[in-house]
Structures are given as structure tokens and as C-alpha cells.
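Me: Before I build on this model, please take me through its parts, one question at a time, with the cut-offs spelled out.

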Amino acid sequence: MLTADIVLSPDFVVAPVRRRLFGSFVEHMGRCVYTGIYEPDHPTADEDGFRGDVLALARELGITLVRYPGGNFVSGYRWEDGVGANRPVRRDLAWHSIETNEVGIDEFARWAAKAGAEIMYAVNLGTRGVAEALDVHEYLNHPRGTHLSDLRPTAAPHGVKLWCLGNELDGPWQTGHKTAYEYGRLAAETARALRQAEPGLELVACGSSNSGMPTFGAWESTVLELAYDQVDHISCHAYYEVLDGDVDSFLASAVDMDHFIDSVVATADAVGARLKSRKRVGVSFDEWNVWYQKRFVAEEPVRWRVAPRLIEDTYDVADAVVVGNLLISLLRHSDRVAAACQAQLVNVIAPIRTEPGGPAWRQTTFHPFALTSRLARGTVLRTEVTCPTRSTSRYGDVPVVDAVATHDAGETVVLAVNRHRSSPVELRVELGSLGEVAEAWALWDEDTSAVNSMSAPHRVVPRPGQAEVVDGVLRTVLPPVSWHAIRVHGE
Ligand code: AHR
């Protein structure tokens, strides 16, 4: 059998576990909001019209942060359409849908409070600019006593701390698409104005829409040259799928995420060096997931409907293993990745699916997210895996096993994947102390294409894992294409 070895020490710390890594994303897109989180006629709906079954699943998923209201949607959005008594029905050019504006920021803030998640608010820098960003800030965060803050139904401000300065403005598909120079100037001026209103805000500039963009690297460099002192973080977005039937490369998607983060950090640091700044810009990985975009492009466009079924991808076991591995990559980069949002939360490429008037269920990808969010606490430990490699056509030779460990109050948590499609791997972890396994979970199946569905919502669930600690060494066997979470008590 193949083997993989890890030597851990609680003294070798990467950074604290950033709880904002367990973020999600609610965009006014498809059925994420309407018949996703919000469905007043649903049997489980609460007094605010929110689906109780979805709220319960969002809490179980362990989301700590939710980006809102988009996404491509935000680049044509007028936030004031979604507040007060008069809610105009509008076209949404991003998804060719009809937006009723029944849900706006006040409703969403109530939902986020019930879900126990912080809001990350994205302002429209596509069709709008500094003035409208200041307006929505005044509405959301200013204490009472001004025109816009007095329109807010709650006396207490919403207190949104983390703000995205637009969305994917490098992309020609974006309403109000800009060059790096145009966007960098606008981001800097919007940031400066927002800080005049509230100095303590955390601000995220748009990085590239994906690392394959022709302007990748140059975009980050120009934007940061213009906005370095004004922003705290730069965004990354990445979606992965099986391309041309190449499953081995797909299973190694986290290698690409590692490289993406390292490249953006290096670019940001190079700008910092040129500017002679000691400040370090963080990464906000505020859109990531598995998304079968090729299928979406091939689909007939749905035009001008309210809450159409858009990109409701069904995820299988292999997708869940990749999602678990992407979370390992994000945790490994906790020294620089300040926040991350899995896109999206409900129905739209989401871990939670619903039927209007019917049930809500957990997709396969729900499980590694929920377990990682529950178990990863304390500090992230430096985790080097010694194991065989496997050749992939997209990323060259990649380690068969990837892993990261966290440490909190004497307990160690090991998160690991086996990316090999046919070989099990024996994993041995030297913990640096004696202990015993408190819990072990494994997500795998003989049929890696198995999925959960409305009629079989529990077809794929985490199984109790077989792991033991003998003489300070944790041992377990990782089946092919599997994801694992193991918590070990200290001595
Ligand atoms: O999450 C779906 C879409 O993907 C978002 O609206 C956009 O920002 C990205 O391209």
C-alpha cells in the first residue's frame, strides 16, 4: 500500500485559524434568495418569510460570513430599490432575470443575524461610484440622525465591517467593465471616501475574476499600485470542474488554488516593496467552488423570469473531496488569506438545495465544509506531507495526499485527502505527543459519482473513520478519492 507521513509539532504555527475562511455567498441570482433562503409560503417559513429548514442547514454548515448581494448582479444593482415600502421591479442584466426587490439589505441582515453570520457587503462599482457607496454606507452603518440612516427600520446600525469594492470588474461580461487603471482609481477613491465616513472598515479591492484571465497579475499590480494604502485585501475567485474528462487534474484543483494564492501574494508584496511599504495586503478568496461552467455555457439562456433555475449543479463524491481539499488549501494559507466565501449558499452551485414548497437537503459538498468549520480551531500547524506523487496533465506531478492540521487546547485536528483514483494510502501522523482519537470522519464511496438528491438526501454522508493513535502516531487508511477529518485528544 502507498504511504504518507506527516510530522506535526504544536510549536510550528502558520497562523491562527481565521474563522472568516468559512464564509459563503448569497447573490440575487437564480434561486439563491427567492425559494432559497426566502419563501414566505413555505411550511417552515418564519415570521420574516425565511425558510426555517434552510436556516437550520446554514447554521449546521457553520458559515461565519456571507457575501451579499453579488456577484455579477451587484454591478447593476441599486441598493435603495431593496429598502422601504416601494420596491420597484427591475431587470437584472447580469443573469437576464427579473428582480422583485422583495428582499433587500434589511431583510438580508435579519437573515444573517439568524444564521449567526457576519455580512460582507459588495458595493456597485460597475454602473455606480463613490456617491452611491457612501449612501449605502450611511444607510447601513451610520447611527441615527441623517437622512439615509433615519430611513433604516432599525435604530441600531447594521455595523457592516467588511466591504467589497465592486465585483470582477476585469471581466468583459461585467456591467461597467473597466481597465485596471480605471478600476484602481475608482477603488482608491471609493475606499478613501468610505474611510472618511468610518476609518475602521476593512476593504477588499477586486483582483482577477480567475487566474486564466489575460490580465491576471498585471491587473492586481496596477490596481494595488493605485490603491495599496487604501485597501486591506485583494480578491481571488476560482471555480473548478472536470475538463475534457481529466479527473486526475480535477482532483488536484487545490494545487492550482495554492499557486493562485501564492501568485497574488507575491504580486501584492512586490507592489508593497516598490512602494516601500511595510503594510501587507491580505487575500479575500471571496468566490470559490466546483462549478460545471461548461454545462452552463451550453444551456439555453433563461430570459426575464423571477428566480429561474440557474446553475443548480448536483455534486458527487469526487466534487466533495475537491471542496474539502480547497478548504485545506485555504487553511494552509491562513497567514495571508483573511476571508473566503464558498459560492454560493443555496441552489446556485451550492451545498444546500431546495424545492419550492418542498424539502431542503445537503449536497455531498455540504459535509466537508460543515466538518471543517466545526473542527478547525485554534492555530494552523505547518503540515508537510511525505508521499508519492501522481502525474497530472494540468499541474504536473502532484502529491497523492494533501493535508493540513490545526491545534487548539491540546487537541489536534488533521484534515486530509487521498487524490489517487485507485490506490488506498496509509496515513501516519507523528503528533509530537500521546493522545487518542476523539472522532474520525471519512467521505468516500465505491461509486465516486454518487450524489444526494431530493429522493435520496442521505445517499452520501460522512462515515465514521477508522483511525487510532499508537505510541504518539496517528494511523488511518485513506481509500481512493476520499476526504478525512480526525480529531485527537492530547495526553
Ligand atoms: O457565483 C456566480 C458568479 O460567478 C458571480 O456572480 C460572479 O461574480 C462570478 O463570475
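**From a loop to the barrel**

Me: Is G200 buried or exposed, judged by its relative accessible area?
Reply: G200 has a relative accessible area of 51%. With a 1.4 Å probe and protein chains only, buried means under 20%, exposed over 50% and partly exposed in between, so G200 counts as exposed.

Me: Which conventions apply to the model, and what pLDDT do side-chain atom pairs need?
Reply: Residues are numbered from 1 along each chain as its sequence is written, and side-chain values use heavy atoms, with hydrogens and water left out. This is a predicted model in which totals for chains, interfaces and linings use all residues, whereas local features need pLDDT of at least 70 and side-chain atom pairs count only at pLDDT 80 or more.

Me: Where is G200 found, and how far apart are the C-alpha atoms of G200 and K161?
Reply: G200 is found in the loop between α5 and β9, where helices (H or I, at least four residues) and strands (E, at least two) are DSSP runs numbered from the N terminus. K161 is 39 residues away from G200 along the chain, yet their C-alpha atoms are separated by 7.5 Å.

Me: In what order do the eight strands of the barrel follow one another?
Reply: Strands pair here if DSSP finds at least two bridges between them, and the eight strands close into a barrel with parallel pairing. From one strand to the next the twist averages 30 degrees. The order is β3-β4-β7-β8-β9-β10-β11-β13.

Me: How many bridges join β10 to β11?
Reply: On one side, β10 runs parallel to β9 through two bridges, with V204 opposite H233 and A205 opposite I234. Towards β11 (residues 282–290), where A238 stands opposite W288, the strands also run parallel, and the number of bridges is seven.

Me: How many of the eight residues of β10 are buried?
Reply: H233, S235, H237 and Y239 point one way from β10, while I234, C236, A238 and Y240 point the other way, and all are buried. β10 is therefore largely enclosed by the rest of the structure, the number of its buried residues being eight of the eight.

Me: Which elements are included in what covers the buried residues of α6?
Reply: In helix α6 (residues 218–227), the buried residues are W219, E220, S221, V223, L224 and A227. What covers these buried residues includes α5 (180–197), β9 (202–205), β10 (233–240) and α8 (253–274).

Me: What is the make-up of the contact of α10 with α11?
Reply: Helix α10 (residues 317–332) and helix α11 (residues 366–375) pack at about 30 degrees with axes 7 Å apart (lines fitted to C-alpha atoms over the stretch in contact, angles from 0 to 180 degrees between N-to-C directions), which makes them roughly parallel (under 35 degrees; over 145 is roughly antiparallel, 65 to 115 roughly perpendicular and the rest oblique). The contact (heavy atoms within 4.5 Å) is made by A320, V323, G324, L327 and L331 of α10 and P368, F369 and T372 of α11. Counting Ala, Val, Leu, Ile, Met, Phe, Trp, Tyr, Cys and Pro as nonpolar, Asp, Glu, Lys and Arg as charged, and the others, Gly among them, as polar, these residues divide into six nonpolar, two polar and no charged.

Me: What radius of gyration does the protein have?
Reply: The protein has 11 helices and 27 strands, and 59% of its 491 residues count as buried. For 491 residues, a compact globule would have a radius of gyration near 23 Å (over C-alpha atoms, 2.2 Å times the number of residues to the power 0.38). The protein agrees with that, at 22 Å.
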